[in-house]
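Here are my notes for someone opening this one for the first time. Have the viewer ready and follow along point by point.

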2 protein chains.
Amino acid sequence: MTYCVGLLLNEGIVLLSDTRTNAGVDNISTYRKMYTFVEPGERAIAIMTAGSLSVTQTAIARMDEAIANPDARSIMSAGTMLEVAEVVGETLSDVTKQVRSRMGESAQSARASMIVAGQRRNGAARMFLIYPEGNFIEATEDTPYLQIGEHKYGKPILDRVVRPDTRIHDAKKAVLLSMDSTLRSNLSVGMPLDLCVIGIDTQQITEQRRIEPEDEVFQAMSHAWSQALRDAFQGIEI
Amino acid sequence: MTYCVGLLLNEGIVLLSDTRTNAGVDNISTYRKMYTFVEPGERAIAIMTAGSLSVTQTAIARMDEAIANPDARSIMSAGTMLEVAEVVGETLSDVTKQVRSRMGESAQSARASMIVAGQRRNGAARMFLIYPEGNFIEATEDTPYLQIGEHKYGKPILDRVVRPDTRIHDAKKAVLLSMDSTLRSNLSVGMPLDLCVIGIDTQQITEQRRIEPEDEVFQAMSHAWSQALRDAFQGIEI
């Protein structure tokens, strides 16, 4: 499994993904699930993927090919973020159908979903969740976050602290704590993590880093959060 | 959906269930999902149910009938808690098969699972999770809790604070906070709640109460927990 979460905030877009993929619990590997596409000052787009690796890798490769071809419709030539979401949706849907057509009865396992977020110059920052069939939903002011993969463990903290006016620093904390809860409760989600921030109106990746298992800041945060939860728990009266 | 959670602790068994059932989001009702069976000083058993209401109600009715029949094997005549789990498993499996045999293609929706917990005089307190097919798993020292229904939202808090030596007072707090996280993140789980405690070696229900939506203690706890989480969140450094 996978856990990816994206926040669409007034100050920018904050994205976090894990890197674990598995075919059964005895075949576990590390794969990047976050892809960024940037023309500085013009557009910055990030895509996170969940589900069948054969589908997501092929879909990303097709999108890369389209970008390299000046005549093709691609996420770098699309006129708006909505069109970007449409291109991603069409590519994902096409690849899913092709993979499934060869799979027979196990076709249902060829499922993948994506979060695509970004901003074009003179356009609004937008974030979409693309379903395997290519249709999509969009993050709104009421629900400024989207999740794919193993999303339930990490949802309570997001429900409580994330609003459109959450600052970037707090937003990074929120997605890291949401991931931390998921890592603890589900073996199929694993370190390292990929974090990406697209500052509003920058059309740049303003921060991008990989957080390794031995990352001391993440470890300290994880430990402090456990302790804070236990302290909060002790302080509650019933 | 449903959320039921049970803890098996050194001091006793603590159980909490919600009461919401739905057939689609526009047909929502309140049904008890916790059933208790007590012969004071001899045995105390509690069963919580999740899944298809037609299956769980019929299975509970069958178990009641068997108890009323002195010649039948029932959860009140079973010699051990393991045998109690077997009786529950057989009943659930039989009812599931019968209901499914009439349902054709939609048979997969006739799924239900149960948590059964209790203690006989001179026996150990035990807790089991019964699957739709009648097989079961048991709570252990390493994993002293079991959940059925919408279990993921409420798992992180249990993973962090519940151990076999957790006191009953803290255990009640833990299941209520686990439920609170689930209520917030999932519409299909709803108040009121049913709480039940079986003190170790009492063979009695030592506490049983329904917590209504307007319950002031629960509301205050829910509010204090939200505030404590936000405070803890603000206190974390990254």
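1. Let's start with cysteines, and with a term: a disulfide here is a pair of cysteine sulfur atoms within 2.5 Å. How many disulfides does a search of the whole structure find? Zero, over all chains. Take Cys196(A): its closest cysteine sulfur is in Cys4(A), 12 Å away, which is too far for a bond. In chain B, the sulfur of Cys196(B) likewise sits 12 Å from that of Cys4(B), its closest, and that is too far for a bond. Cys196(A) is also buried, at 0% relative accessibility, and Cys196(B) is buried with a relative accessible area of 0%. (Buried is under 20% relative accessible area, exposed is over 50%, and partly exposed is in between, with a 1.4 Å probe and protein chains only.)

2. Some ground rules before going on. This is a predicted model, where local features need pLDDT of at least 70 and side-chain atom pairs count only at pLDDT 80 or more, while totals for chains, interfaces and linings use all residues. Residues are numbered from 1 along each chain as its sequence is written, chains are lettered from A and ligands numbered from 1 in the order in which they are written, and side-chain values use heavy atoms, with hydrogens and water left out.

3. Now the interface. In terms of contact (heavy atoms within 4.5 Å), 34 residues of chain B meet 34 residues of chain A. The two chains bury about 3,400 Å² between them, and 66% of that is on carbon and sulfur atoms. Buried area means the accessible area (1.4 Å probe) that two parts lose on being put together, summed over both. Which three residues of chain B supply more of its buried area than any other three? They are Arg160(B), Phe233(B) and Ile238(B), with 28% of the area that chain B buries against chain A.

4. The rule finds four salt bridges between chain B and chain A, a salt bridge being a side-chain nitrogen of Lys or Arg within 4 Å of a carboxyl oxygen of Asp or Glu. Look for the one between Asp180(B) and Arg160(A), at 3.0 Å from N to O. Helices (H or I, at least four residues) and strands (E, at least two) are DSSP runs, numbered from the N terminus.

5. Over all chains, the structure holds 36 salt bridges. In chain A, Lys33(A) pairs with Asp18(A) at 2.7 Å, N to O. Lys33(A) is in the loop between strand E4 (28-30) and strand E5 (34-39), and Asp18(A) is in the loop between strand E2 (12-17) and strand E3 (20-22), so the pair ties together parts that are 15 residues apart in sequence. Buried or exposed? Both Lys33(A) and Asp18(A) are buried. In chain B, Asp18(B) and Lys33(B) also meet in a salt bridge, at 2.7 Å, N to O, and both are buried.

6. Another salt bridge to find is Glu133(B) with Arg111(B), at 3.6 Å from N to O. This pair links parts of chain B that are 22 residues apart: Glu133(B) is in the loop between strand E8 (126-130) and strand E9 (136-138), and Arg111(B) is in the loop between helix H2 (81-101) and strand E7 (112-120). Glu133(B) is partly exposed at 47% relative accessible area, and Arg111(B) is partly exposed at 37%. Back in chain A, Arg73(A), Glu83(A), Glu86(A) and Glu90(A) are linked in a network of salt bridges.

7. Finally, check the backbone. A cis peptide bond joins Met191(A) to Pro192(A), with omega about -5°, and Pro192(A) sits in the loop between helix H4 (168-185) and strand E11 (193-199) of chain A. Chain B has a cis peptide bond between Met191(B) and Pro192(B), with omega about -5°. Gln203(A) is not a glycine, yet its phi is positive, about 50°; this residue is buried, at 6% relative accessible area.
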